[in-house]
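Please read each task before turning to its solution.

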Amino acid sequence: MSAQGPPVPPLTTPVLFICFNRIGPAQQVFEAIRAARPSKLYFACDGPRNEAEQVRCDEVRALAKQVDWPCELHTRFNERNLGLRKGVSSAIDWFFQHEPEGIVLEDETLSVPSFFQFCQEMLERYRHDQRIWVVMGNNLMDDWAGQKDGSYYFSAHGYGAPWGWASWRRVWAHYDVDMGAWPALKASNTLKDFFLNADEEYDVHSMFDYVHAGKMNSWSYQLDITRVMNHGLNILPHTNLVRNIGFGDDGTHTVGLDDPRNKDTARDIDFPLQHPRFIMLDASRDAEYFKRFIGSTKMYRVKIALIDMVGGKEGMVMRTLKGLFGKG
C-alpha cells in the first residue's frame, strides 16, 4: 500500500544514524535515509574491538561520503569500542545535546518511506505533551483484529526493541544508563499497580534486574524505566513501518531467524493521518503484545527458578554442567 494524499513535506527533523561494523544492513538503512533527504544527519559509529575489525568499521564509516543531498552532516566515530550499552546511549546523548527532537535509526532498522513523515508529524503534534514519551516505528502486531481508532494508538507496556523511533530532549533528559532509580522503584508499592498482570510483573522485574546488574548488554530498557516512572505513553502506528533486517548469526539480540519478531510486514501508512479521539492506553492490545513478543513462557520461568536455586548461571553447578556439555 502506498502513502496517499498531498505531496510529502521536506524532512526538516534531524535524524541520528547509529552503526557499528555491518556494512550490508547499514547500507540498506542509509539508502532509506538518503531517500528521505533529512536536512540534518547525525552519524555515530562505535569503535572496533580489535585490529581485524577496523576494516569493517571503516567500510561503514565511509557511508558518510555518500551524503549527496543538501544536508548538515555531523559525525561521531569512536576510536575505541564502548560496547552496545554505552556506545548507543552515548550516541543518543550526543544527538539530544544538539537537537531538541529527532528520529533515531540503528543499522538494522530498515524503514519504509512514510516512517519519516509519520515521525515528523507526531513530534510536532505532541511536542509539548508531557504524557507522550516515544514515537515508535515498528509494530509487530499490526494484524490486531480488535478495535482501532485513528492511524495509531497509545501503549505503555512495551519493553526493548525500539526498531526506529523518535522522541524529544525532554524525554531523554530522564535517561540513566545505570538505572540508578530501579532499586527504589522496585521496592515501591506503587509499582505493583502499574502492571497489567502477574506475568508482566514477573518478567519486567527480571528484565530490569538483569540490566541493572549489568548482566544484559542493553541500552533500551533504561529508556523503558523512565516511561514507567513517569506514566508516559508511547505512540505506535497501526501499520508496521520498520523491519529489523539484522536477524542472523552475527546479530546481537536478534540471532535466530525463527524468532517470532522476524517479520517482513513493513509497509507505508496512509496520509493524511487520522488522530485518535482519546489519548488513552490501549491496555488489551498491550497485554496481547506482551504475551506474543516480550514475555517468557512458564517453562522458561521454571528453568530460571531452578538455575537460581543452584547458585545462578555462574554458580558451581552451572559451570560444571557447561564444562561437561560444552554449552551454556
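**Exercise 1: Aromatic rings**

Across the whole structure, a search finds 21 aromatic pairs. Rings of Phe, Tyr and Trp (its six-membered ring) pair if their centres lie within 6.5 Å; planes under 30 degrees apart count as stacked, over 60 as edge-to-face and the rest as tilted. This is a predicted model, in which local features need pLDDT of at least 70 and side-chain atom pairs count only at pLDDT 80 or more, while totals for chains, interfaces and linings use all residues. Residues are numbered from 1 along each chain as its sequence is written, and side-chain values use heavy atoms, with hydrogens and water left out.

Task: Determine why the pair of F95 and F96 is tilted.

Solution. 
- Step 1. The ring centres of F95 and F96 are 5.1 Å apart and their planes stand at 50°, so the pair is tilted.
- Step 2. Both F95 and F96 are buried, where buried means under 20% relative accessible area, exposed over 50% and partly exposed in between (1.4 Å probe, protein chains only).
- Step 3. Ring pairs join F95 and F96 into a cluster with Y42, W94, W165, W172, Y175 and W219.

**Exercise 2: Strand β9**

Task: State which strands are joined to β9 by bridges, and in which direction they run.

Solution. 
- Step 1. Strand β9 covers residues 233–237; helices (H or I, at least four residues) and strands (E, at least two) are DSSP runs, numbered from the N terminus.
- Step 2. β6 and β9 run parallel and are joined by two bridges; two strands pair if DSSP finds at least two bridges between them. V135 has I235 of β9 as its bridge partner.
- Step 3. β7 and β9 run antiparallel, with four bridges, and Y153 is partnered by L236 of β9.
- Step 4. In a regular strand the side chains alternate between the two faces of the sheet. Both faces of β9 are covered: L233, I235 and P237 are buried on one side, N234 and L236 on the other.

**Exercise 3: The surroundings of D149**

Task: Locate D149 and identify what it is in contact with beyond its neighbours within four places in sequence.

Solution. 
- Step 1. D149 belongs to the loop between β6 and β7 and is partly exposed, with a relative accessible area of 26%.
- Step 2. Apart from those neighbours, D149 is in contact (heavy atoms within 4.5 Å) with H238, P276, R277 and F278.
- Step 3. D149 and F278 are 129 residues apart in sequence, yet 8.7 Å apart in space, C-alpha to C-alpha.
- Step 4. The D149 side chain reaches the backbone nitrogen of R277 at 2.9 Å.

Technical notes
Polar contact = N/O pair within 3.5 Å; in protein donor to acceptor, adjacent residues only side chain to side chain.
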